[in-house]
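Here's a quick briefing to read alongside the picture. Take a look at the fold first, then work through the topics one by one.

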Amino acid sequence: MLTVHHLGISQSERIVWLCEELGIDYAFKRYDRRADNRLAPDEYKALHPMGIAPVITDGELVLGESGAICDYICARYGDGRLTPAPDDPDFADHLFWFHWSNGTFMATLMMQLVLGGAGPETNPAAGFVGERSRRGWEMVEARLGEAPFFGGRNLTTADIMMVYCLTTSRAFRGTALADFPNLKAYLARIGARPAYLRAMAKAEPGMAPMLG
C-alpha cells in the first residue's frame, strides 16, 4: 500500500496534493514537528537515511526526495496524467520548472533562510543569495504572465513542485506577494482546485493555505 508520510509544514504536502489530484488510493500518516526545535521527530527521521521530508513507503520500498517521489507515483499510478508526453509542446517547459523548483529556487530560498538576512557587509554570500532570490521571484512572475501553469496549458507536476515554494514555505520567511499580481492570480487558481483544498485540509488542518 502506498503510504505518504507527511511532516507538518514541510515539502511533503506536495505528495499529498499529488495523490489527491490523481485520485489514487493511498494511506496517510502525519507527524508533528518537535516542540523544542521545530525539527522532525525521531520517528520520522528513522524512515529514511536523510531524515527529512518527504518520504513514501510502498510495500518494501522507502523513497525520499520530492521529484523522485513525483516521478515514481506518476509512473506507477498516474496513467500518464500530470506529466506531458515528449511530443507535447509544453514538455520542455514542464521539465524546466519541475527541476528548477528544488534544484535552484528552493535551494536559494533555503540559503537565504540560513543566512538570516545578513547584509553583504556581514557575510558577502548574503548579497549574492539575495540577488539570486530576487531573480528567481522575477522569473516566477514572468512565467505566470505567459502561461496559466508552470508546465504550460495544464497543471503538471511542475506545479506540484512549485506551489510549496510559493505558499507554505513563506511561513519560514514571510515573503509578501503585493508586487506579484500574476503569482497572486495563479495562487487563486490553485486555491480553487478541490484536490488542493482536500490535500491542505489533510496535511495542515490548523493552517489556512498561504495563497495571498
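**Two helices in contact**

Let's start with a helix pair: Asp93, Phe96, Trp97, Trp100, Thr104, Phe105, Thr108, Leu109, Met111, Gln112 and Leu115 in helix 4 touch Ala125, Ala126, Val129, Gly130, Arg132, Ser133, Gly136, Trp137, Met139, Val140 and Arg143 in helix 5. Sorted by class, the residues of this contact are 13 nonpolar, six polar and three charged. Keep in mind that this is a predicted model.

**Helix 4 and helix 5: the geometry**

- Two packed helices are described by the angle between their axes and the distance between the axes.
- For helix 4 (residues 91-115) and helix 5 (residues 124-146), the angle is about 145° and the axes are 9 Å apart.
- Helix 4 and helix 5 cross in a left-handed way.

**Helix 1 and helix 8**

- Here's another packed pair: helix 1 (residues 13-22) and helix 8 (residues 194-203) sit at an angle of about 135°, with 8 Å between their axes.
- That angle makes helix 1 oblique to helix 8.
- The crossing of helix 1 and helix 8 is right-handed.
- On the helix 1 side, the contact is made by Glu13, Val16, Trp17, Glu20 and Glu21; on the helix 8 side, look for Ala195, Tyr196, Arg198, Ala199, Met200, Lys202 and Ala203.
- By class, the contact of helix 1 with helix 8 has seven nonpolar residues, five charged ones and no polar ones.

- Four strands make up an open sheet, and their order is 2-1-3-4, with mixed pairing.
- Strand 2 and strand 4 (61-64) are at the edges with a single partner strand each, so one side of each has no neighbour in the sheet.
- From one strand to the next, the twist averages 20°.
- Strand 1 runs parallel to strand 2 (residues 27-31), and five bridges join them. His5 is found opposite Lys29 in strand 2.
- Strand 1 also pairs with strand 3 (residues 55-58), this time in the antiparallel sense, over four bridges. Leu2 has Asp58 as its bridge partner in strand 3.
- Helix 1 lies across strand 1, strand 2 and strand 3, and runs at about 140° to strand 1.

**What's tucked away**

- How many residues of strand 1 (residues 2-7) are buried? Six of the six are, so strand 1 is largely enclosed by the rest of the structure.
- In a regular strand the side chains alternate between the two faces of the sheet.
- Both faces of strand 1 are covered, with Leu2, Val4 and His6 buried on one side and Thr3, His5 and Leu7 buried on the other.
- Helix 6 (residues 157-166) is mostly covered too, with 10 of its 10 residues buried. Among them are Asp159, Met161, Tyr164 and Cys165.

**A residue on the outside**

- Pro49 is in the loop between helix 2 (42-45) and strand 3.
- Is Pro49 buried or exposed? Its relative accessibility is 80%, so Pro49 counts as exposed, since the cut-off for exposed is over 50%.
- Pro49 and Arg173 are 124 residues apart along the chain, and their C-alpha atoms are separated by 27 Å.

Definitions and conventions:
Residues are numbered from 1 along each chain as its sequence is written. This is a predicted model: local features need pLDDT of at least 70, side-chain atom pairs count only at pLDDT 80 or more; totals for chains, interfaces and linings use all residues. Side-chain values use heavy atoms; hydrogens and water are left out. Axes are lines fitted to C-alpha atoms, for helices over the stretch in contact, and angles run from 0 to 180 degrees between N-to-C directions. Angles under 35 degrees count as roughly parallel, over 145 as roughly antiparallel, 65 to 115 as roughly perpendicular and the rest as oblique. A crossing is left-handed if the near helix is turned anticlockwise from the far one by less than a right angle, and right-handed if clockwise. Contact means heavy atoms within 4.5 Å. Ala, Val, Leu, Ile, Met, Phe, Trp, Tyr, Cys and Pro count as nonpolar, Asp, Glu, Lys and Arg as charged, and the others, Gly among them, as polar. Buried means under 20% relative accessible area, exposed over 50%, partly exposed in between (1.4 Å probe, protein chains only). Two strands pair if DSSP finds at least two bridges between them.
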